[in-house]
Amino acid sequence: MPEYSAYAPIYLQIMQDIKQAIVSGGWLPGGRIPSVRELALQYQVNPNTMQRALAELEREGLLYAERTAGRFVTKDGDRIAALRRETAGRLLQETFQQLASMGYTKEEIRRLMTEWEPGGEE
């Protein structure tokens with residue numbers, strides 16, 4: 001399934017993918033997530049790598065564990081909203097940097113943003 005970049009540790013790439021699943025609604029607040037073994041198979045990584053990614057997401061407050069029931073996505077809507085804003089900000093920054101490297105000025109980028117319509121061709 002996944003193709004991993006050589007430029008970042010795999011567990012960080014997995015964390016980004018899981019964060020995307022949370023902010024996009026693929027993993028619902030309070031929802032139980034698959035086991036470490038299931039996720040390791042899905043991501044084609046060693047269970048230790050998956051455990052590290054999940055432990056970091058727990059430390060960040062995005063996941064929590066219940067001793068006998070497994071791991072769950074946080075129910076904290078404010079935390080998820082903050083993650084969504086952070087993710088959008090990162091994507092916008094990357095996009096702006098790419099457009100600037102193509103020679104677009106700030107004003108041209110602003111105009112593109114106001115004129116662009118989702119699903120439209122531009």
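Q: Why is Glu-56 called partly exposed?
A: Glu-56 has a relative accessible area of 23%, and because buried means under 20%, exposed over 50% and partly exposed in between (1.4 Å probe, protein chains only), Glu-56 counts as partly exposed. This is a predicted model, in which local features need pLDDT of at least 70 and side-chain atom pairs count only at pLDDT 80 or more, while totals for chains, interfaces and linings use all residues. Residues are numbered from 1 along each chain as its sequence is written, and side-chain values use heavy atoms, with hydrogens and water left out.

Q: Why is Arg-59 called exposed?
A: The relative accessibility of Arg-59 is 61%, and therefore this residue counts as exposed.

Q: How do you know that Glu-60 and Lys-19 form a salt bridge?
A: Their closest N and O atoms are 3.0 Å apart, so the pair is within the limit for a salt bridge. The pair links distant parts of the chain, 41 residues apart.

Q: Is Lys-19 buried or exposed?
A: Lys-19 has a relative accessible area of 13%, and so counts as buried, whereas Glu-60, at 25%, is partly exposed.

Conventions:
A salt bridge is a side-chain nitrogen of Lys or Arg within 4 Å of a carboxyl oxygen of Asp or Glu. Helices (H or I, at least four residues) and strands (E, at least two) are DSSP runs, numbered from the N terminus.
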